[in-house]
Amino acid sequence: MKITSVFDLYIQRTEFFTKLLIEHIYLTSVSVLIITIVGLTTGILMSSNKKMASIVLTLTGFLYTIPSIALFGFLVALTGIGNTSAIIALSLYGVLPVIRNTYVGITEVDAEIIESATAMGSTPLQLLLNIQLPLASPVIIAGFRTMVIMTIALGGIASFIGAGGLGVAIWRGITTNFPEMTVAGSLLVAMFAIIADVVLGFVEKGFSSKILGKE
Amino acid sequence: MTIIEFDKVSKSYEEGKDVIKDISFKIDEGEFVTLVGPSGCGKTTLLKMINKMIAPTAGKILIRGNEISSWDTTDLRRSIGYVIQQVGLFPHMTIAENIGYVLKITGAQKAERRSKALELISLVGLDKSYIDKYPRQLSGGQKQRIGVARALAGDPDIILMDEPFGAVDEIARKKLQDEFKQIHQKLGKTIVFVTHDIYEALKLGTRIVLMNNGVIEQSGTDTDLVFKPASPFVKDFFGIKGYKALLDEDTLQKDYEKAIEIAERTQ
């Protein structure tokens, strides 16, 4: 197999790969959106409820002991083949880093800062929006970044349960003994993940220097 | 006029172990009350009951004539300034935003918050150019000044301070004390000030309250506590340190200069 033949493939099948890439972006974006909403909300609620915190952390930890392929299989039985199952699976996997980092970020804000803000008459909502979330944001964004990369990579195997995305190319390459196709698909997944990582790396740095003053 | 009143107030964290034991006392408007005593005597607990950061187990606390339970917690806290030893400035906000925080949560516009911050930063003796800096760019003493400015922003009539100058170096502390005493005289706020520093307590307080084991041992002016101690504990606590704190520094300085002169002459 020559690497040039992979690029030939991109040129010959541009339309096919573009369609898969768009599907991949769609699948991961929807999952990322769901994860962010659910993860942030859960993390915030946990930070003011110790009991809930330990239950949620145990549950999400347990989720990771299930192999992804088994979870996909399980979801096919429940929600059928296609994008819905894939998005549910991706969301379940990706939610832990966001929940954990939101929770840790908020609970680790210095006690005297919270005490000052409370004693000055902040309502719980004002405390959350003005103090806790901004100060937790570098940690939350670090979790968000991990989650996005993970979701993009895991999105590659969503095609096993009939969802679209670049996994389709990988899977087709494997089943038809066409290694160029597998490499072409994988390479695009990797590129997508790297670009997302670099962009989010800048965002993370920006927040850290704003909040913590690190250059 | 009485502004803060404790009426048979007790506090216990564990059954049968009272940190505050049946304390009754009143603070008048404009007083500068220093709460002093050994660690664990309950002075900080007493202070934090005033703005409902700690709830009493028994007894009544009245602020401006109204019992504390009838006050809306948020409203009460916004009307009382609060300064702690660690300052607790918000690291992600500029100095202007820190000072203007109380105004922000009560809905004031940005321009108003900024002009208030400019006014207060001069009052606490810092240059106006600090207004757009972040807390991490300031020294310990400067941070503490901002802490005081922040507590004054909502124009509260009561200010609570928990060892506010405890973490700054000796020279900066002395300066802060002098300036803060002037600020009190200028603004006439009621101040409740916790410290374990005898010198600080006697220097700043228009009334000094000595606590021990959850009760008030004695309350009075500096000369009352040093020269008319109500119990052996009071006498031991202030002792010669308290006496020294009352000596006039200018006279001492003159004596010292004279002693040097004599020593030079005899050489």
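This is a predicted model: local features need pLDDT of at least 70, side-chain atom pairs count only at pLDDT 80 or more; totals for chains, interfaces and linings use all residues.
Q: What is the distance between the axes of H4(A) and H5(A), and what is the hand of their crossing?
A: The two helices pack with their axes 9 Å apart. As H4(A) passes H5(A), the crossing is right-handed.

Q: How are H5(A) and H7(A) oriented to each other?
A: H5 covers residues 83–107 of chain A and H7 covers residues 124–155. They pack at an angle of about 155°, with axes 7 Å apart. The cut-off for this class is over 145 degrees. H5(A) and H7(A) are therefore roughly antiparallel.

Q: Which hand does the crossing of H5(A) and H7(A) have, and how many residues of their contact are nonpolar?
A: H5(A) passes H7(A) in a right-handed crossing. The contact residues include eight polar and no charged ones. The nonpolar count is 15.

Q: Which helix gives the most to the nonpolar surface patch of chain A?
A: The patch includes Ile3(A), Phe7(A), Leu187(A) and Phe207(A), and its residues together have about 690 Å² of accessible area. Helices H1 (3–12) and H9 (179–212) of chain A each supply at least two residues. Phe7(A) sits in H1. With six residues, the top contributor is H9(A).

Q: How many salt bridges does the whole structure hold?
A: Side chains of opposite charge can pair when their charged atoms come close. One such pair is Asp132(B) with Arg114(B), at 3.1 Å from N to O. Over all chains, the number of salt bridges is 15.

Q: How far apart in sequence are the parts tied together by Asp132(B) and Arg114(B)?
A: Arg114(B) is in helix H5 (110–123) of chain B. Asp132(B) lies in the loop between that helix and helix H6 (140–152) of chain B. The pair therefore ties together parts whose separation in sequence is 18 residues.

Notes: Residues are numbered from 1 along each chain as its sequence is written. Chains are lettered from A and ligands numbered from 1 in the order in which they are written. Side-chain values use heavy atoms; hydrogens and water are left out. Axes are lines fitted to C-alpha atoms, for helices over the stretch in contact, and angles run from 0 to 180 degrees between N-to-C directions. Helices (H or I, at least four residues) and strands (E, at least two) are DSSP runs, numbered from the N terminus. Angles under 35 degrees count as roughly parallel, over 145 as roughly antiparallel, 65 to 115 as roughly perpendicular and the rest as oblique. A crossing is left-handed if the near helix is turned anticlockwise from the far one by less than a right angle, and right-handed if clockwise. Ala, Val, Leu, Ile, Met, Phe, Trp, Tyr, Cys and Pro count as nonpolar, Asp, Glu, Lys and Arg as charged, and the others, Gly among them, as polar. Patches are made of residues with over 30% relative accessible area and no salt bridge: like charges are joined within 9 Å, nonpolar side chains (Val, Leu, Ile, Met, Phe, Trp, Tyr) within 5 Å. Accessible areas come from the Shrake-Rupley method with a 1.4 Å probe; for residues, only the protein chains shown count as cover. A salt bridge is a side-chain nitrogen of Lys or Arg within 4 Å of a carboxyl oxygen of Asp or Glu.
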